[in-house]
Amino acid sequence: MSEGAVGPDRGKIEIFAYGGGGPMRLRLRPMRVGDIPEVMKIEVRSFSLPWTEDAFVREIEKIPFSRPLVAEEVGGRNGRAGPAVGGSATGGPAAGGPAIVGYACWWEVKDECHITNVTVSPEARRRGVGKFLMREILKDARRRGAVRATLEARNSNGAAVSLYEGFGFSPVAMRKGYYPDNGEDALVMLMEFSPDGGGV
Ligand SMILES: CC(C)(COP(=O)(O)OP(=O)(O)OC[C@H]1O[C@@H](n2cnc3c(N)ncnc32)[C@H](O)[C@@H]1OP(=O)(O)O)[C@@H](O)C(=O)NCCC(=O)NCCS
């Protein structure tokens, strides 16, 4: 598979973002199969019910409306020193390339952006990576014609709920006992894009 791309415009996006811990140079790009080992290292430390490797492969290769992304820190304290041109033959981070500090996935379901995963490496949290991922997803979704965005979060996940509220999401429903590990409820959150382009 080339470049992990499914859609025709899954091109590389290069952006600077700034987090609370000082300026952080971040690059957003489509997730590739070769990224999955790095992504899994973060995934298993972040969730009690982590996605599997196969789940990420499916998102990249099999689900045409899925848009999995990674955020890399370029030349920063979480990154590997060197130029921002990482990428081994398998598409994974090369020695000397940037490090994956977060990733996200969303589904383009007609005019709805359904966000299925937003995760930041524990070492890189509270530095604006989560905001960067959300902002770029929502900008992309709006550009592609989405009128609303939805997601689910554990009721107890204060950090995630606060992140989403900051982007205008509010709770609209509760899925009782949604998470099989502890029977916790899921909060369904919704954000409607304002017609004037405000928000993102
Ligand atoms: C939720 C998560 C993605 C936030 O990523 P992050 O890079 O640390 O977030 P940012 O630094 O961009 O912070 C953005 C906002 O999120 C909220 N936030 C982040 N961490 C928080 C915490 N520990 N407590 C409270 N609010 C928090 C704040 O509103 C913050 O805005 P502020 O800095 O203006 O206060 C990250 O904590 C994470 O990966 N958690 C584990 C995986 C997870 O739960 N994902 C969401 C699944 S629904």
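## A chat about this predicted model

Visitor: Where does glutamate 43 lie?
Guide: Glutamate 43 is in helix α1. Helices here are DSSP runs of H or I with at least four residues, strands are E runs of at least two, and both are numbered from the N terminus.

Visitor: Before I go on, what kind of model is this?
Guide: It's a predicted model, where local features need pLDDT of at least 70 and side-chain atom pairs count only at pLDDT 80 or more, while totals for chains, interfaces and linings use all residues. Residues are numbered from 1 along each chain as its sequence is written.

Visitor: Back to glutamate 43, then: buried or exposed?
Guide: Glutamate 43 counts as buried because it has 20 C-beta neighbours inside 10 Å. The cut-offs are these: 20 or more other C-beta atoms within 10 Å of a residue's own make it buried, 12 or fewer make it exposed, and in between it is partly exposed, with C-beta atoms placed from the backbone.

Visitor: And what does glutamate 43 touch?
Guide: Leaving out residues up to four places away in sequence, glutamate 43 touches Pro50, Trp51 and Thr119. Being in contact is defined as having C-beta atoms, placed from the backbone, within 7 Å. Glutamate 43 and valine 120 are 77 residues apart in sequence, yet their C-alpha atoms are 8.7 Å apart in space.

Visitor: Let's zoom out. How many helices and strands are in the chain?
Guide: The chain has four helices and 10 strands. Starting at the N terminus, the order is β-β-β-β-α-α-β-β-β-α-β-α-β-β. Of the 200 residues in the chain, 36% are buried.

Visitor: What about helix α2, which of its residues are buried?
Guide: In α2 (residues 53-62), those are Phe56, Glu59 and Ile60. Seen down the axis of α2, they fall within an arc of 90°, so they line one face of the helix. That arc is taken from the directions from the helix axis to the C-beta atoms.

Visitor: Why would residues spaced like that point the same way?
Guide: An α-helix has 3.6 residues a turn, so residues three or four places apart point the same way.

Visitor: What do the buried residues of α2 pack against, and what's on the other side?
Guide: They pack against α1 (36-46), β5 (66-73) and β6 (99-109). On the other side of α2, Asp54 and Lys62 are exposed.

Visitor: Strands next. Which way do the side chains of β10 point?
Guide: They alternate along β10 (residues 186-192).

Visitor: Which strands does β10 pair with?
Guide: β8 (residues 148-154) runs antiparallel to β10, with seven bridges joining them, and β9 (residues 170-175) pairs with β10 in the antiparallel sense over five bridges. Pairing here means that DSSP finds at least two bridges between two strands. Glutamate 192 in β10 is the bridge partner of arginine 148, valine 188 is that of alanine 173, and leucine 190 is that of serine 170.

Visitor: How many of the residues in β9 are buried?
Guide: Zero of its six residues, so to speak: β9 is hardly covered.

Visitor: Okay, the nonpolar core. Which residues of the largest one touch the most other members?
Guide: Ala71, Ala104 and Ile137, out of 43 residues. A nonpolar core is a set of buried Ala, Val, Leu, Ile, Met, Phe, Trp, Tyr and Cys residues joined through C-beta atoms within 7 Å. Apart from its neighbours within four places in sequence, isoleucine 137 is in contact with Ala104, Trp106, Cys113 and Ile115.

How values were computed
Contact = placed C-beta atoms within 7 Å.
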